Amino acid sequence: MPVMKAYMIIILFISLLSAPVALADKCIEGDCVNGYGTLVTSTGQKFIGHFKDGMRHGKGVFILPGDRKLEGTWQDNEIVEGTYTMPDGTRYVGEWKYRERNGRGDLTFADGRHYIGEFKSGQRHGKGTMWYPDGRKYEGDYKFGERTGQGTMTYPDGRKYSGGFEGGEWNGRGTLVYPDGKTVSGEFKYGEFVADK
């Protein structure tokens, strides 16, 4: 599943989670006002967990259509920390705010990429580290989901680039060190060396 499509699905279902208990929602077991119960929503979702004043509050799990699941800690109907699992294997564990990934988190993609770091408005944003299935590793700045700012990329063949990134590419001042020790420093653009310092 393309990454953007996965983000849109996450945003859509999280927006549904924040709605107050609707009149058509049904408590099928326990106490869904002040206690522990099971609530089935008018849209077919199921929440099993703790309630306070009729809102999800405390530990609980939201089971969604399509074998999706959000499990964690809730406050006043909002998820604040938890694990979201998608059927394709994508999994996020971390902090939530405003019904989106915000704060520190650990995101594993279906294609094997693994990111640990900061999130803002559901996207990788701030400091983070990404491991790739082909052996690459990036440590540094992210902006709206892309490698942008200062960072270091190491490659399985032994190369190491440290410097500026923009839109995921080497861009700006940087240093590229080859496995044999040769070093190239200067200006990079679109992933290519263009000039000495």
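The paragraphs below go through a predicted model, from the whole chain to single residues. Residues are numbered from 1 along each chain as its sequence is written, and side-chain values use heavy atoms, with hydrogens and water left out. Because the model is predicted, local features need pLDDT of at least 70 and side-chain atom pairs count only at pLDDT 80 or more, while totals for chains, interfaces and linings use all residues.

The protein chain has one helix and 16 strands. These elements are DSSP runs numbered from the N terminus (helices: H or I, at least four residues; strands: E, at least two). Of the 197 residues in the chain, 40% are buried. Here buried means under 20% relative accessible area, exposed means over 50%, and partly exposed is in between, with a 1.4 Å probe and protein chains only. The chain exposes about 10600 Å², and carbon and sulfur atoms supply 53% of that area. Accessible areas come from the Shrake-Rupley method with a 1.4 Å probe; for residues, only the protein chains shown count as cover. Among contacts between residues at least 6 apart in sequence, 11% join residues at least 24 apart; a contact means heavy atoms within 4.5 Å.

One disulfide is found in a search of the whole structure. The term stands for a pair of cysteine sulfur atoms within 2.5 Å. In general, a disulfide is a covalent bond between the sulfur atoms of two cysteines. The partners are Cys27 and Cys32, with sulfur atoms 2.1 Å apart. The link of Cys27 and Cys32 is right-handed, with 75° about the S-S bond.

Most residues other than glycine have a negative phi. Asp53 lies in the loop between β3 (46-52) and β4 (55-64), and its phi is near 55°, a positive value. With a relative accessible area of 56%, Asp53 is exposed. Asp67 lies in the loop between β4 and β5 and has a positive phi near 60°. Asp67 is exposed too, with a relative accessible area of 68%.

Strand β5 (residues 68-75) holds Thr73. Not counting residues up to four places away in sequence, Thr73 touches Gly58, Lys59, Glu78, Ile79, Val80 and Glu81. With Lys59 there is also a side-chain polar contact of 2.9 Å. A polar contact is a pair of N or O atoms within 3.5 Å; within protein, one must be able to donate a hydrogen and the other to accept it, and residues adjacent in sequence count only if both atoms are side-chain atoms. Arg56 is 17 residues from Thr73 along the chain, and their C-alpha atoms are separated by 9.0 Å.

Further along, strand β6 (residues 78-85) runs antiparallel to strand β7 (residues 91-97), and five bridges join them. Strands are taken to pair if DSSP finds at least two bridges between them. Glu81 has Glu95 in β7 as its bridge partner. The two strands form a hairpin with five residues between them, and Gly89 in the turn has a positive phi of about 105°. Thr83 is placed in β6 and counts as buried because its relative accessibility is 19%. Leaving aside neighbours within four places in sequence, the contacts of Thr83 are Lys69, Leu70, Glu71, Arg91, Tyr92 and Val93.

Strand β7 also runs antiparallel to β8 (residues 100-108), with six bridges between them. Tyr92 has Leu107 in β8 as its bridge partner. This hairpin has two residues between the strands, and Tyr98 takes a positive phi near 55°.

A search of the whole structure finds 16 aromatic pairs. Rings of Phe, Tyr and Trp (its six-membered ring) pair if their centres lie within 6.5 Å; planes under 30 degrees apart count as stacked, over 60 as edge-to-face and the rest as tilted. Phe47 and Phe51 form an edge-to-face pair, 5.3 Å centre to centre with 85° between the planes. Phe47 is buried at 0% relative accessibility, and Phe51 is buried at 5%. The ring centres of Tyr115 and Phe119 are 5.2 Å apart and their planes are at 90°, so this pair is edge-to-face. Tyr115 and Phe119 are buried. One aromatic cluster includes Tyr92, Trp96, Tyr115 and Phe119, and among its other members are Tyr138, Trp170 and Phe193.
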